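Q: Please take a close look at the aromatic cluster in this structure. Walk me through it step by step.

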Amino acid sequence: MRAPLLCFRAERGADAGTRHGEGGGDGRLLACARCGRPVARPADRTSVAGAHEHTFANPLGVRFHIGCFAAARGCAPEGPAVAEWSWFPPHTWQVERCAACGAHLGWLFRDGGRRFHGLILDRLVEVDEGDG
């Protein structure tokens with residue numbers, strides 16, 4: 001059964017922890033809202049720059065509400081790593097798409113050996129693990 005991913009806004013700099021809502025998401029997956037392919041687990045949530053969630057605008061003014069994840073197995077990076085306009089300097093970024101349907105799900109950020117995924121939260125749904 002698919003349900004919208006419920007996100008509770010965390011202010012930048014606040015200790016957002018690694019979970020949304022109550023419980024640890026046992027038996028739940030975060031999936032692509034377009035095709036349902038599993039993308040990440042709730043346990044993959046991580047904090048970057050003091051928070052799990054961030055809201056940014058790209059150079060065209062398009063706003064994105066993202067969550068940071070240590071792993072996103074259902075994403076595939078695309079294109080070159082770029083340093084310009086990075087929301088997390090000195091990290092470079094690459095567009096990440098759903099590995100199944102190609103929907104734009106976010107960005108892979110890298111700085112040397114450190115990496116994390118900034119996933120667009122309204123492009124994910126929470127599903128039961130048996131449904132993914």
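A: Ring pairs join F56, F64, W87, F88, W107, F109 and F116 into a cluster. Rings of Phe, Tyr and Trp (its six-membered ring) pair if their centres lie within 6.5 Å; planes under 30 degrees apart count as stacked, over 60 as edge-to-face and the rest as tilted. The model is predicted: local features need pLDDT of at least 70, side-chain atom pairs count only at pLDDT 80 or more, and totals for chains, interfaces and linings use all residues. Residues are numbered from 1 along each chain as its sequence is written, and side-chain values use heavy atoms, with hydrogens and water left out.

The whole structure holds 8 aromatic pairs. Take F88 and F116. Their ring centres are 5.1 Å apart and their planes at 85°, so this pair is edge-to-face. F88 sits in the loop between β6 (75-82) and β7 (92-98). F116 lies in strand β9 (residues 114-120), 28 residues away. Strands are DSSP runs (E, at least two residues), numbered from the N terminus.

F88 is buried at 5% relative accessible area, and F116 is buried at 1%. Buried means under 20% relative accessible area (1.4 Å probe, protein chains only).

F116 also pairs with F109. Here the centres are 5.1 Å apart and the planes at 15°, so the pair is stacked. F109 is buried too.

F116 also touches F69: the contacts of F69, leaving aside neighbours within four places in sequence, include F116, H117 and L119. Contact means heavy atoms within 4.5 Å. F69 is in strand β5 (residues 63-69). F69 counts as buried, at 0% relative accessibility.

Definitions and conventions:
Helix = DSSP H or I, 4+ residues; strand = E, 2+ residues; numbered from the N terminus. Buried < 20%, exposed > 50% of the residue type's maximum accessible area, 1.4 Å probe, protein only.
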